[in-house]
Amino acid sequence: MRSVPKVTGMTYPPARRLDLIDDLHGRQVPDPYRWLEDPADPETEAWSAAQDALYAEHRERLTAALGDGPLSTGPLTARLSGLMAAGFVGTPAWRGERRFFGRRAGDQEHAVIVVADSAEDTEGRVLVDPMALDPAGTTTLDAWQPSKEGDLLAYQVSHGGTEESVLHVLDVATGEPVDGPIDRARYSPVAWEPGGEAFYYVRRLAPELVPEGERQYHRRVWRHVLGTDPDTDLRVFGDGLDLTNYYGVSVSLDGRWLLVSASAGTAPRTDVWIADLHATAPGTVPEFREVAVGYDAEVGAWVGRDGRLYLHTTLDADRGRLAVADPERPSVPDWTTLLPEDPEAVLEDVALTDDTLLVARRRHAVSELSAHDPATGALRHAIALPGLGSISALATRPEGGHEAWFGYTDHTTVSTVHRCDTRTGDLSVWATPPGTAADLPAVRVQRLIATSQDGTRVRAFVIARADALDAGGRPTAPAPTVLYGYGGFQISLDPAYSASTLAWVEAGGVYVVANLRGGGEEGEAWHRDGRRERKQHVFEDFQAVAELLIAEGWTTPDRLACWGGSNGGLLVGAALTRHPETFAAVICSAPLLDMVRYQRFGLGVTWTDEYGDADDPEQLDWLLGYSPYHHVHDGTRYPATLFTVFDGDTRVDPLHARKLAARLQAATAGDPQAAPILVRREQGVGHGGRALSRTVALTVEQLQFVAVHTGLA
């Protein structure tokens with residue numbers, strides 16, 4: 001192994017530059033840092049270690065520059081911890097009088113699963129605590145599902161950030177293990193049969209049964225009988241279908257109907273089948289009938305307590321509609337629309353009580369709630385929410401009743417659980433987080449609307465200190481500003497409480513969340529207008545918001561930072577290579593950046609429907625049109641950039657950040673001390689969940705980097 005270069009004077013570690021040019025469908029595509037794709041190569045290890053040393057040196061200089069002010073490490077860590085001190089409480093999953101929910105106290109590293117056995121039991125008892133499983137804090141809870149009777153709990157955990165879920169079953173009364181571990185259960189739902197003797201779930205085929213490069217795929221739906229060897233489970237569904245399929249599975253409350261859904265990768269299309277388990281001999285594969293197969297639309301299906309088949313779909317309804325059918329005649333021609341599409345609001349969720357159909361919609365990213373006639377869908381009345389925020393996880397008692405529960409949050413409100421009396425529409429706070437958040441800063445939240453390059457209106461939330469605004473809500477002076485975005489996979493950036501946002505704003509900054517095309521804020525057409533050959537629209541939307549913030553006096557280019565992770569890391573990677581003059585600082589976390597080779601690593605092949613397939617000449621041109629790694633120009637002054645990567649990440653390989661960091665370090669005309677290109681590497685975590693202390697530590701370093709390089713400090 002090569003020795004690690006000693007880094008002094010903020011000079012970049014040397015990185016060998018290859019004269020490697022691929023001929024891809026006649027396109028000459030350079031790849032000078034391909035050797036950085038292999039993390040185990042001694043040269044890559046030496047380079048990464050040198051980057052660690054460089055980042056450590058920058059941290060020393062940065063913390064010295066911050067002194068002992070409010071953004072220094074101690075006070076900022078304490079403030080973030082205080083803003084997170086309320087903790088978290090989840091919406092209840094009812095099983096008779098028992099209720100299951102997630103909870104995290106303000107000082108707990110991970111949320112735990114709690115069960116309360118009766119209405120009088122206000123505290124409950126902990127069933128699963130990731131810290132008890134792994135005191136090091138590197139085990140995360142991925143999913144859980146109680147049996148229909150509530151006497152058993154299936155839960156999934158993974159280790160070191162890998163998201164490679166292992167499924168276990170425990171006895172709720174005693175907490176003792178009943179079954180498991182069952183491996184290869186990543187992204188698996190669990191659908192219990194009544195009685196709790198068996199469940200349906202999703203598991204990948206054994207590695208020896210699939211090609212070497214396809215072990216992350218080849219999922220199947222299985223039926224598992226408790227206490228038996230999972231290798232003898234009945235293979236129920238999935239043979240002969242797309243190798244990248246993700247499957248959903250559910251069993252109706254009465255145990256008669258089994259529903260299976262399939263989506264190829266992250267494509268916005270879902271196929272659905274239904275089977276009658278009452279007509280299925282024990283131990284045999286059910287006979288499935290098509291509900292909706294081959295339609296270019298998403299379909300979510302379930303059988304309600306009333307025996308009807310419910311279908312939440314974008315078929316012939318860009319913003320979603322709710323249809324019903326007879327499970328005996330489930331095909332599309334036999335559907336009847338119960339809730340038609342709203343021309344402006346996206347249908348998010350529905351819940352059925354004894355007398356009401358409760359409907360949650362999202363209008364321009366802000367949630368709405370309304371009560372409807374369950375037979376006709378006719379509107380009865382709107383239900384006033386606590387503010388301009390977001391609701392989640394409508395929940396009811398499976399056996400019926402007149403109550404529903406949901407989570408609520410907004411930019412200045414920690415997530416709380418509300419109870420709705422569906423007969424009257426009255427709301428009450430039903431559960432609050434177990435801790436108390438520190439006093440919140442006086443902030444004001446408002447909306448801006450930018451005009452993108454093609455004339456599309458793009459909305460953004462702006463959060464600023466109230467005393468930094470005039471009576472009309474305008475900024476009194478330009479301020480250091482963070483512009484955050486995502487713009488992909490139909491994911492919406494809705495109002496939500498954020499300790500990092502509030503800490504930044506309290507310190508004098510402005511925080512902006514842009515609702516870009518590619519997301520789901522305005523429906524499926526909004527999503528599709530920012531994917532594949534239209535992906536450029538996402539970057540144009542982001543730039544339009546940035547330019548509006550500058551034009552209206554919120555900030556200036558030397559005070560503006562952009563921030564994004566995962567697909568949002570691709571967004572800010574494109575922003576810094578397309579418009580380096582617009583930004584002073586960039587936080588690029590767990591990013592996709594080499595869009596020519598992205599599908600060869602991690603879960604990349606499942607994203608070709610979102611981005612395009614580089615093996616297709618036309619689609620390669622889309623990708624080359626914006627791939628950040630391929631749009632770096634020597635001699636350009638690039639903004640200060642911090643790549644944050646996680647060695648356990650099995651979704652987005654850290655190679656993307658390594659390659660672009662090396663390319664930028666070689667190309668930039670910027671002073672490494674004034675506008676450094678840095679990599680922060682973290683071990684023992686991955687793309688998703690992490691311990692609270694690690695979250696705080698990462699956020700502190702990201703905020704400090706942005707503060708120093710936008711002049712907030």
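These are my notebook entries on a predicted model of one protein chain.

**Entry 1: the whole chain**

I started with the overall build. I counted eleven helices and 39 strands in the protein chain. Next I looked up the radius of gyration, which is 26 Å. The globule rule gives 27 Å for 713 residues, so the chain is as compact as a globular protein of that length. I also noted the box that the C-alpha atoms fill. Along the principal axes, the box is roughly 75 × 60 × 50 Å.

**Entry 2: the domains**

I then asked how the chain is divided. Domain 1 comes in several pieces: 49-81, 438-447, 473-543 and 561-710. Domain 2 runs over 88-251, and domain 3 over 342-435. The contact between them takes 13 residues from domain 2 and 16 residues from domain 3.

**Entry 3: the interface of domain 2 and domain 3**

How much area is buried here? I read off about 1,100 Å² between domain 2 and domain 3. Carbon and sulfur atoms give 68% of that area. Val89, Thr91 and Trp94 supply 56% of what domain 2 buries against domain 3, more than any other three residues.

Then I checked the charged pairs. The rule finds one salt bridge across this interface. Glu97 and Arg397 meet there through their side chains, at 3.8 Å from N to O. That distance counts because the cut-off for a salt bridge is 4 Å. For polar contacts, I found two residue pairs between domain 2 and domain 3.

Which elements of domain 2 give two or more residues to this side? I listed strand 3 (88-89), strand 4 (93-95) and strand 5 (98-104). Strand 5 gives the most, with three residues. By class, I noted five nonpolar, three polar and five charged residues on the side of domain 2 that touches domain 3.

**Entry 4: Glu163**

I moved on to the backbone angles. Glu163 has a phi near 60 degrees, a positive value in a residue other than glycine. I placed Glu163 in the loop between strand 9 (152-159) and strand 10 (166-171).

What does the side chain of Glu163 meet in a salt bridge? I found Arg651, at 2.5 Å from N to O.

**Entry 5: a cis peptide bond**

Last, I looked up a peptide bond in the cis form. It joins Gly180 and Pro181, and its omega is about 5 degrees. I located Pro181 in strand 11, which covers residues 177-182.

Technical notes: Residues numbered from 1 in each chain as written. Predicted model: local features only at pLDDT ≥ 70, side-chain atom pairs only at ≥ 80, totals over all residues. Heavy atoms only, no water. Domains from an automatic or database assignment. Contact = heavy atoms within 4.5 Å. Buried area = accessible area lost by both parts, 1.4 Å probe. Polar contact = N/O pair within 3.5 Å; in protein donor to acceptor, adjacent residues only side chain to side chain. Helix = DSSP H or I, 4+ residues; strand = E, 2+ residues; numbered from the N terminus. Nonpolar A, V, L, I, M, F, W, Y, C, P; charged D, E, K, R; others polar. Rg over C-alpha atoms; globule rule 2.2 N^0.38 Å.
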